[in-house]
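I opened the structure with the sequence beside it. These entries follow the order in which I looked things up.

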Amino acid sequence: MNILIIEDDRQTASFIQKGLIESGHVVDHAADGESGLHLAQGGNYDVLIVDRMLPGRDGLSIIQTLRAQGMQTPVLILSALGDVDSRVEGLRAGGDDYLVKPYAFSELLARLQALLRRSQPTQEQTILKLRDLEMDLLKRRVTRGGVSIPLQPREFNLLEYLMRHAGQVVTRTMLLEKVWDYHFDPQTNVIDVHVSRLRSKIDKDFDTPLLHTIRGAGYLLHDPEAV
């Protein structure tokens, strides 16, 4: 996605921007309302992330101006104002979603993806497959090539997240928030240890490795022989 962040708090903007870039998106940033409006009007963005309280011009005013000009780009509003009236006001101003601070990056990313998701609903998957690796979510069972692979609960959750994002580079930030429910970096090698254990179970006795470390980026679960 090509994303514009309009956020005056530079630490917050930097955190969001870093996570989105790690997730493979192109990100621009404006630190005040007037600059944000100018960029939004002139850029070809897939989605806008707009803080509600901004210097120069507030976020709702930006959204109302864009909507009045006929721009239908999806908008996710960020705000510390989480009461019902504030959320309703934001949505009525033309926002498509409203996320209350503080929030987890994984939720922000999921909401951005939901804004672009097409209308038809998809059935919830209960069986995940990649090559000869199969995960039964209902029975909590994993097999590869028909051989049962026993996993600890955390390993199971880690593999599920990787399989749901097969073919995509998954960053440490995403794994910390989604699998460990950490919203900070504990500065430990907990992810490396669990990935190593998981790799030894799903790859060690098989010809084709599926779980790969992408140096400086994260981890990738994919079938290297797939077209």
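Where does UniProt place the feature "DNA-binding region"? I found it in an unreviewed entry, at residues 125-223. The model I am reading is predicted. Over residues 125-223 I get 32% helix and 24% strand, with the end C-alpha atoms 20 Å apart.

**Entry: the three-stranded sheet**

I looked up an open sheet of three strands and read its order as β10-β12-β11, with antiparallel pairing. β10 (169-170) and β11 (211-214) each have a single partner strand, so one side of each is left without a neighbour in the sheet. I then checked how β10 meets strand β12 (residues 218-221): two bridges join them, and they run antiparallel. For valine 169, I noted leucine 220 as the bridge partner in β12.

**Entry: β4 and β5**

In which sense do β4 and strand β5 pair? I read the pairing as parallel, over four bridges, with β5 covering residues 97-100. The bridge partner of isoleucine 77 in β5 is tyrosine 98.

Next I looked at threonine 73, in the loop between α3 (59-68) and β4 (75-79). Is threonine 73 buried or exposed? Its relative accessibility is 14%, so I count threonine 73 as buried, the cut-off being under 20%. Leaving out residues up to four places away in sequence, threonine 73 touches Tyr45, Asp46, Val47, Leu48, Arg67 and Asp96.

**Entry: aspartate 51**

Which residue does UniProt list for "modified residue: 4-aspartylphosphate"? The record, an unreviewed entry, lists Asp51. I located aspartate 51 in strand β3 (residues 47-51). With 4% relative accessibility, aspartate 51 counts as buried. Not counting residues up to four places away in sequence, I found aspartate 51 touching Ile6, Glu7, Asp8, Gly59, Leu78, Ser79 and Lys101.

**Entry: salt bridges**

How many salt bridges does a search of the whole structure find? I got 16. I went through several of them.

Aspartate 132 and arginine 144 meet through their side chains at 2.8 Å, N to O. The pair links distant parts of the chain, twelve residues apart: aspartate 132 is in the loop between β6 (127-130) and β7 (133-136), and arginine 144 is in strand β8 (residues 141-144). Aspartate 132 is partly exposed, at a relative accessible area of 31%, whereas arginine 144 counts as buried at 1%.

Glutamate 155 and lysine 201 form another salt bridge, also listed at 2.8 Å, N to O. Glutamate 155 lies in helix α6 and lysine 201 in helix α8 (residues 190-202), so the pair ties together parts 46 residues apart in sequence. I noted glutamate 155 as buried, at 4% relative accessibility, and lysine 201 as partly exposed, at 28%.

How far apart are the closest N and O atoms of glutamate 160 and arginine 164? I have 3.1 Å for this salt bridge. Both residues lie in helix α6, four residues apart, about one turn of the helix. Arginine 164 is partly exposed, with a relative accessible area of 34%.

**Entry: nonpolar cores**

Which members of the largest nonpolar core touch the most other members? Of its 45 residues, I noted Leu20, Ile49, Leu108, Leu159, Leu175 and Leu221. Helix α6 (residues 153-164) supplies the largest share of this core, six residues. A second, separate core has 17 residues, among them Leu4, Ile6, Leu37 and Ile63.

Neighbours within four places in sequence aside, isoleucine 49 is in contact with Ile3, Leu4, Ile5, Ile6, Ile16, Leu20, Leu76, Leu78, Leu108 and Leu112. Leu4 and Ile6 in that list are also members of the second core.

Terms used. Residues numbered from 1 in each chain as written. Predicted model: local features only at pLDDT ≥ 70, side-chain atom pairs only at ≥ 80, totals over all residues. Heavy atoms only, no water. Core = buried A, V, L, I, M, F, W, Y, C linked by side-chain atoms within 4.5 Å. Buried < 20%, exposed > 50% of the residue type's maximum accessible area, 1.4 Å probe, protein only. Contact = heavy atoms within 4.5 Å. Salt bridge = Lys/Arg side-chain N within 4 Å of Asp/Glu carboxyl O. UniProt positions renumbered as here; feature names shortened; annotations may be inferred. Pairing = 2+ DSSP bridges.
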